[in-house]
Amino acid sequence: MIKSPNKMSAEQRMLDGNALANQADLMKDQTKSTNAVGNAVVGGLEKVGKAIVDKRQNEKEEVAQAKKDGQELATTVLDAGGGLGNNHYDAFSTAVKMLGEQNNQFELDGDKEGVAKNGTRMKELKVLTEQIKEFRLNVAKTFDTVSIDGKEMPNFTQNLSASDQNLFKAVMDPDTPVKIEDVDGKWVQSMQHEGKWYTKQELSDKLEDAKEDVVSINQVQKLRDVVMNQALSDVAVSSGDKKYGGFDYEANQLQVNKILKTANLVSLINDDMLGTASNFKQDMFEYPAINELTYKDIGLGTAPNPYDTDGDGRLSVEEAKKMSQEDKEKIIDALTNRDNDFFKEDVTRGLMSKYITNHLQKQYNNKAGYGNAFKEASQYSNASSEDILNQFTK
């Protein structure tokens, strides 16, 4: 898959720091008076513009540094085959010592069942060490462009913050505090990062969300190619005003839903899955299906609502244009951040399904050279659109 650099969304272009700074310069040229209010506006624009530019530059530098540090640690972990450092050795030693002391008491008491149970628990510790080594390798391979066995691995999804990259870097860092605990009869490994403890399972879940879903992205782009080829085929058998075929929205959306059912939604939110140098997150407010959302769903349901101009309780594209950048960011976060209280995976998946299907329809119509073609009997009349698509997406 060939990637293109991300283009800026309309909101980003509007609020770009350089644009604000340029606007300030323009106002200087246009405003000859020494009006205090005018000067304050110009000065405010300059400050806000500079602050945004500085903030973006700092964020870029932090992400770049986190990635660089992570890649260096990844090389070390890969070279060691995922081997554990002293932090893990100390944590496991504590657990082994506890089992040893228990075992001594069991033997003194003649408790054969207790001795056997501890033997099983010792084996479980050994299994856990292998699982941790495998997880560390998985993190290292994700930081690394190519894994140790030469196979391409999914890299991190776009827009992954420096904070999250530093979290995964801590997984590989031999100085990260680690502990092994007995929780309800099961061994649980945790690591501490920035004052918070994360279990291995929590980190595994976060890692899966953070990976670029190459498989699903390729499936979406393959489906797009199928649709465009179908458009060419339909044009070939059309004659004059008689247009055969047409885009079957329902059948194509069914195929999209099959892909989304097992896809990493976080990746498809942030990565360029359509090959348009953009993504779902950037295109959100330019997308008509946004009007299916209620203000209550996205945390803006408190009355009176200045944006709900028609009073229907639903967000529309036109209403979204009047929103403050702060409120837009709240909506984006509610629809794209799993940790947001208003995030609902089925709502986001439903919007994404229509986002992709609408894109496929647009590609079909552009390729065919006409709008919504009506369906007539054609050389494809004996096969449904779903059957045709299935031949290409198996």
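Leaving aside neighbours within four places in sequence, which residues is Phe168 in contact with? Contact here means heavy atoms within 4.5 Å, and the residues concerned are Val139, Phe143, Phe156, Leu203, Lys206, Leu207 and Ala210. The structure is a predicted model, in which local features need pLDDT of at least 70 and side-chain atom pairs count only at pLDDT 80 or more, while totals for chains, interfaces and linings use all residues. Residues are numbered from 1 along each chain as its sequence is written, and side-chain values use heavy atoms, with hydrogens and water left out.

**The chain overall**

- The protein chain holds 15 helices and three strands, where helices (H or I, at least four residues) and strands (E, at least two) are DSSP runs numbered from the N terminus.
- Of its 394 residues, 40% count as buried, a term that means under 20% relative accessible area, with exposed being over 50% and partly exposed in between (1.4 Å probe, protein chains only).
- Among contacts between residues at least 6 apart in sequence, 72% join residues at least 24 apart.

- Just after helix 4, Gly110 takes a positive phi of about 70 degrees.
- Helix 4 packs with helix 5 (residues 112-143) at an angle of about 170 degrees, their axes being 9 Å apart, which makes helix 4 roughly antiparallel to helix 5.
- Axes are lines fitted to C-alpha atoms, for helices over the stretch in contact, and angles run from 0 to 180 degrees between N-to-C directions; those under 35 degrees count as roughly parallel, over 145 as roughly antiparallel, 65 to 115 as roughly perpendicular and the rest as oblique.
- On the helix 4 side the contact includes His88, Phe92, Ala95 and Leu99, and on the helix 5 side it includes Val115, Met122, Leu125 and Thr129.
- The residues of this contact divide into 10 nonpolar, six polar and three charged, with Ala, Val, Leu, Ile, Met, Phe, Trp, Tyr, Cys and Pro counted as nonpolar, Asp, Glu, Lys and Arg as charged, and the others, Gly among them, as polar.
- The buried residues of helix 4 are Asn87, His88, Ala91, Phe92, Ala95 and Leu99, and they pack against helix 5, strand 1 (178-183) and strand 2 (186-193).

**Thr129 in helix 5**

- Thr129 has its place in helix 5 and counts as buried at 18% relative accessibility.
- Not counting residues up to four places away in sequence, Thr129 touches Leu84 and Phe92.
- A polar atom of the Thr129 side chain lies 2.5 Å from the backbone oxygen of Lys126.

**Phe168 in helix 6**

- Phe168 belongs to helix 6 (residues 162-172) and is buried, with a relative accessible area of 1%.
- Although Phe168 and Arg136 are 32 residues apart along the chain, their C-alpha atoms are separated by 9.1 Å.

**Ser278 in a loop**

- Ser278 lies in the loop between helix 10 (265-270) and helix 11 (280-283), and counts as buried at 2% relative accessibility.
- The Ser278 side chain makes polar contacts with the side chains of Gln282 (3.2 Å) and Asp283 (2.7 Å).
- A polar contact is a pair of N or O atoms within 3.5 Å; within protein, one must be able to donate a hydrogen and the other to accept it, and residues adjacent in sequence count only if both atoms are side-chain atoms.
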